[in-house]
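Work through the exercises below with the sequence and the 3D view open. Try each task before reading its solution.

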Amino acid sequence: MRPSVKTLQEMKMSGEKITQVTCYDYSSARIVDESAIDMILVGDSLGMTMQGYQDTLPVTMEEMIIYGRSVVRGTENTFVVVDMPFMSYQEGPTQGLRNAGRLMKETGCQAVKLEGGAEIAPTIQAITNAGIPVVAHVGMTPQSHNAFGGFKVQGKGEANAERVLRDALAVQDAGAFAVTLECVPPRLSTLITKKMDHCITIGIGASSGCDAQVLVMQDMLGITRGRTPKFAKHFGEIGDAMLEAFNSYASEVKATSYPAVEQTYVKSDCDEYFLKKLDEKYA
Ligand code: KIV
């Protein structure tokens with residue numbers, strides 16, 4: 001059975017750590033669903049991991065719905081959160097509520113996530129008032145990387161640290177049941193977690209002081225080629241395992257050792273006489 005918002009909050013209250021991983025497709029979702037992971041994020045990071053863009057900005061509502069739906073179909077034990085893409089809520093509460101509603105109705109997910117702090121609180125309020133659970137996202141918010149001047153650690157220095165804390169408090173007051181803290185230094189993320197009343201802190205590059213952790217699946221499985229962020233520990237080397245499997249397949253096909261007899265429908269094969277007749281007929 002899927003955890004509910006209430007179960008997740010009870011886990012926070014009892015000090016049990018909560019786990020989340022991003023996931024974007026049905027087959028992977030089925031594997032996550034068999035695992036001990038509590039939550040999936042269908043993140044707009046799919047713009048990079050699945051579509052090869054440089055950032056998340058080009059991702060559309062329609063794409064989030066297609067990927068979100070596929071993941072929901074592959075799960076029955078995992079709480080699924082779908083990201084609201086860039087410019088699907090930045091116009092204000094009316095637009096945010098309309099698109100959050102679409103994500104819930106058209107994917108079957110359990111919650112939506114949107115980026116921003118105090119400035120986005122009225123939108124979070126409108127969405128939660130409609131009974132839609134919200135995960136907020138403060139600290140380094142990738143949809144605003146052009147304004148930040150890159151993907152940088154947030155909350156350095158007193159004023160910036162206070163801004164991240166105030167953002168977290170503002171989204172909690174607006175009704176978010178969880179808040180992702182991205183690239184926030186350890187002491188600050190621990191303090192924010194302490195200051196949160198019911199709101200679950202989900203860290204990514206934000207230390208074990210948070211209630212929960214999230215990682216991008218391709219990063220944690222060692223599938224991402226090229227540089228990955230400092231916090232993205234590899235819990236497997238699936239990329240190398242895939243490469244080895246693709247190379248074995250290619251070399252067996254070239255050597256005609258695949259398909260072997262065991263991989264053919266030999267019992268249903270035509271008899272010699274029949275094949276000879278066909279051969280002559282189509283000479
Ligand atoms: O889109 C995403 O995958 C995210 C995580 C980095 C938290 O927002």
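**Exercise 1: the barrel**

Task: find the order in which the strands close into a barrel, and their pairing.

Solution. The barrel is closed by 8 strands in the order S1-S2-S3-S4-S5-S6-S7-S8, and the pairing is parallel. On average, neighbouring strands of this sheet are turned by 25° against each other, direction ignored. Strands here are DSSP runs (E, at least two residues) and helices likewise (H or I, at least four), numbered from the N terminus; two strands pair if DSSP finds at least two bridges between them. For the angle, axes are lines fitted to C-alpha atoms, and angles run from 0 to 180 degrees between N-to-C directions.

The model is predicted: local features need pLDDT of at least 70 and side-chain atom pairs count only at pLDDT 80 or more, while totals for chains, interfaces and linings use all residues. Residues are numbered from 1 along each chain as its sequence is written, and side-chain values use heavy atoms, with hydrogens and water left out.

**Exercise 2: pairs of strands**

Solution. 
- Step 1. S7 (residues 200-204) runs parallel to S8 and is joined to it by 2 bridges.

**Exercise 3: the ligand**

Solution. 
- Step 1. A polar contact is a pair of N or O atoms within 3.5 Å. A ligand oxygen atom is 2.5 Å from a side-chain N or O atom of Ser45. For Lys113 the corresponding distance is 2.9 Å, and for Asp44 it is 3.0 Å.
- Step 2. The ligand taken alone exposes 260 Å², and the protein buries 95% of that (Shrake-Rupley method, 1.4 Å probe).

**Exercise 4: backbone exceptions**

Solution. Most residues other than glycine have a negative phi, and most peptide bonds are trans. The bond from Tyr258 to Pro259 is cis, with omega near -5°. Pro259 lies in the loop between helix H11 (238-254) and helix H12 (272-281). Met87, with phi near 70°, lies in the loop between S3 and helix H5 (93-107).

Notes. Polar contact = N/O pair within 3.5 Å; in protein donor to acceptor, adjacent residues only side chain to side chain.
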